[in-house]
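This briefing is meant for someone meeting the structure for the first time. Please keep the sequence and the 3D view at hand while reading.

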Amino acid sequence: MIGVISKQSEVSAVKEFFQLFKTPWEWYVPHRGYGLVITTTGEVPADPGINAIAVYDSRATPLDHETGIRIRPISHPTWLKFNDADLPLYRTASVLESAEAPFLHLSGSSQGVGLEIVGTKRHIVRIGYDLFEEVSVLLSEGQPSENAGIPTLELHISLLRSIMLRVGAPFVEVLPVPAGYEFMACLTHDVDFTGIREHKFDSTMWGFVYRALVGSFRDALGGRTSWSKCRRNWRAVFSLPLVYLGLIEDFWLEFDCYMEIEKGLGSTFFFIPFKNYPGTRNSQPAPKRRAAKYDLLTIKKEIRALIDNGCEVGLHGVDAWQGTEQARTELSRIQEVTRQPNAGVRMHWLYWADTSPKALEEAGLSYDSTFGYNDAVGFRAGTAQAFCPLGGESFIELPLIAQDTALFYPDRMGLSETEAMDSCRQLIRQALLFGGVLTINWHTRSLSPERLWGDFYREFLNEIKEHRVWFRTAGQAVRWFQSRRALQFERVQFVEDGLQLKVSLPTFEPGQPPFTLRIHHPMVNGAVETDTGTQCPYADIPWKGEAELTLVQPEHSRS
Ligand SMILES: [Zn+2]
């Protein structure tokens, strides 16, 4: 069990951190006995029941005075080297100068930011920054897009886990992915357009004509696209009059194509509630081209077909992010068409404010999936796990990890298909390491001219399918994380040769895959030394709602 002593301002960050690193913890109570106590206030209790203490603080503490550690604040941005990864810090940090050899360094330097003080009665680990201040930044504003590729919050969890192993504290955790799977994937589609017919002689149509004729010719010349795609785009431009006359099909209407590509995977479509309304921002009208040109009521049939095919339909919010009233109006407009009791939301153009989670929660939306980047792919919150933004009560955010336009638009990342696939593979690698949900947004109209990003999308899905992946709609993914959040450790008792464990959950839904309980039982004598510290064996136990588990430690790990 972990005991925590934190600043008052960090309370919600602490609670949320231990939903993501799901391991037993509580606010420190004297003389209760803890494997590890984490403190960010500088207070180090002289409690003999504490096996180890981790002091996460950038300021000098009384402990530093006693143990001869000198604190040297460093200007940020600060980068740490941990397990071959670069870990950015967003708040104040300090170098720790001491006779002890550090186990955590600044990137590209021998200066220490983490060390263990040896020769004391208990393990004391000193870290030169405040973990929960970092978590607060990640779960509210998030990281800047230049650090998008770094799963920073997951690295903080890994670092704490490695400290627990280093000090020999036995613990159990619930992995952020169901038993039997390596990660989850959620395929989503923002519906900004439903046909080019709605864009006769407007800026969208002229933009299309220019990019299809000039842009794709230039790209083919430069080897960034194939000549066959260029020919398809040219043909599409010259077929426009026939589309407008209704003589041939509108090539921007793609629902059937997506249902074909994603057969059985279950995807989520977010629809804009109002036609010709761009919304507002800072009390000013948003740019005109933010307005959708389709009317929800005229595509009722298509929306019903999506639902009948196991897809989910949600709100692509226009003003919902700004207040409860706006969110309520937009939600009821979507429900008029879906006739479903619940709906989630993602904002059009990813508009967002600190107050959005609270507004959306009060309006009755069931989740949000806006927290991501327009100009990068990766982990804005430093994790692919669904989480509770610090401004809300219990409202869940399913972070958006990758969208097509961020990868390919020249003024965004502007990648070639080969470069984009490298980026996507990197995201898959992170998902394999840390679990969570790979939430992808492929816009409708992206399969058609002039984008033609359908082949790439198919290939990306094939890469994902090479792994054991649980495909869920956004709402289903969120419900799985809500279930994991509701799980409680009633009793965790490490005894001589094993563990007595009582875990409870209000409802274990039928058909739900088991959770994985990972039991770390570090035995100091049997520990394996690695470059990064002490690594200990663990055992994975699938948990399907049993009332009580008694686990006997494997023979080989007993000392
Ligand atoms: Zn949009």
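Phe-201 counts as exposed, because its relative accessibility is 59%, where exposed means over 50% relative accessible area, buried under 20% and partly exposed in between, with a 1.4 Å probe and protein chains only. The model is predicted, so local features need pLDDT of at least 70 and side-chain atom pairs count only at pLDDT 80 or more, while totals for chains, interfaces and linings use all residues. Residues are numbered from 1 along each chain as its sequence is written, and side-chain values use heavy atoms, with hydrogens and water left out.

**Aromatic pairs**

- A search of the whole structure gives 38 aromatic pairs, that is, rings of Phe, Tyr and Trp (its six-membered ring) with centres within 6.5 Å, called stacked if their planes are under 30 degrees apart, edge-to-face if over 60 and tilted for the rest.
- Phe-201 and Trp-206 form a tilted pair, because their planes lie at 40 degrees, with ring centres 6.2 Å apart; Trp-206 is partly exposed, with a relative accessible area of 49%.
- Trp-480 and Phe-481 are edge-to-face, because their planes lie at 90 degrees, with ring centres 5.0 Å apart, and both residues are buried.

- Leaving aside neighbours within four places in sequence, Ile-464 is in contact (heavy atoms within 4.5 Å) with residues including Phe-183, Ile-428 and Phe-471.

**Zinc site**

- The protein donors of the zinc ion are Asp-192 (OD), Asp-192 (OD), His-316 (NE2) and His-348 (ND1), at 2.1 to 2.8 Å from it; donors are N, O and S atoms within 2.8 Å of the metal (3.2 Å for Na, K and Ca), and water is not among the atoms, so sites may look incomplete.
- The arrangement is irregular because the four donor atoms subtend angles of 50 to 132 degrees, whereas four donors count as tetrahedral if all angles lie between 85 and 135 degrees, four count as square planar and six as octahedral if opposite donors are over 155 degrees apart and all others between 65 and 115, and anything else is irregular.
- Asp-192 is buried, with a relative accessible area of 13%, and His-316 is buried too, at 1%.
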